[in-house]
Amino acid sequence: MKFVLLTDDAELVTAAKEGFHPSDSFEHFTSWPEALDSCDGADLLFVDLLTTLDEPHKIAGYERFAEAKMSHPVAAGIPLVLVAPPDGYELDFMAGWPDFVFAHIRRPVTAKIFRRASTWV
């Protein structure tokens with residue numbers, strides 16, 4: 001299986017490395033254009049919502065990411081697992097699209113959560 005993680009949070013990267021099975025392919029990116037372009041053959045795309053933001057607390061960056069994913073020739077078909085911001089993190093608003101998010105996981109995200117998520121596909 002192949003998993004792609006978009007985050008600039010070192011703790012999420014460590015948890016993912018520990019959580020996925022050694023035979024799985026795991027790629028980590030801090031830039032969403034690179035993550036989307038790496039989705040060929042991916043089973044799940046994990047996205048840290050905070051990493052998509054251009055400005056703290058402003059959802060517009062996430063919307064740009066979402067529109068790019070939905071129109072990407074490969075990434076559009078890859079199920080997205082959204083990593084929520086920490087409890088209490090305020091956003092100016094939150095937009096949603098039908099069937100865009102496959103799963104939503106809350107922080108803290110542990111290796112056990114990544115291991116469990118890898119069984120969803």
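V74 is found in the loop between α4 (60-71) and β4 (80-83). Helices (H or I, at least four residues) and strands (E, at least two) are DSSP runs, numbered from the N terminus. The model is predicted, so local features need pLDDT of at least 70 and side-chain atom pairs count only at pLDDT 80 or more, while totals for chains, interfaces and linings use all residues. Residues are numbered from 1 along each chain as its sequence is written, and side-chain values use heavy atoms, with hydrogens and water left out.

V74 is partly exposed, with a relative accessible area of 33%. Here buried means under 20% relative accessible area, exposed means over 50%, and partly exposed lies in between (1.4 Å probe, protein chains only). Leaving out residues up to four places away in sequence, V74 touches C39 and D40; contact means heavy atoms within 4.5 Å. V74 and G41 are 33 residues apart in sequence, yet their C-alpha atoms are 8.6 Å apart in space.

H72 lies in this loop between α4 and β4 too. H72 is buried, at a relative accessible area of 14%. With residues up to four places away again set aside, H72 touches L36 and D37. The side chains of H72 and D37 are joined by a polar contact of 2.8 Å. A polar contact is a pair of N or O atoms within 3.5 Å; within protein, one must be able to donate a hydrogen and the other to accept it, and residues adjacent in sequence count only if both atoms are side-chain atoms.

Helix α1 spans residues 10-19, and its buried residues are L12, V13, A15, A16 and G19. These cover an arc of only 165 degrees around the axis, so they sit on the same side of α1. The arc is that of the directions from the helix axis to the C-beta atoms. On the other side, A10, E11, K17 and E18 are exposed. The buried residues of α1 pack against β1 (2-6), β2 (25-29), β3 (44-48), β4 and α5 (111-117).

The largest nonpolar core has 20 residues, of which L45, V47, Y62, F65 and L80 touch the most other members. A nonpolar core is a set of buried Ala, Val, Leu, Ile, Met, Phe, Trp, Tyr and Cys residues joined through side-chain atoms within 4.5 Å. Two or more residues each come from β1, α2 (32-37), β3, α4 and β4. Helix α4 gives the most, with 3 residues. A second, separate core of 16 residues includes L12, F20, L44 and V109.
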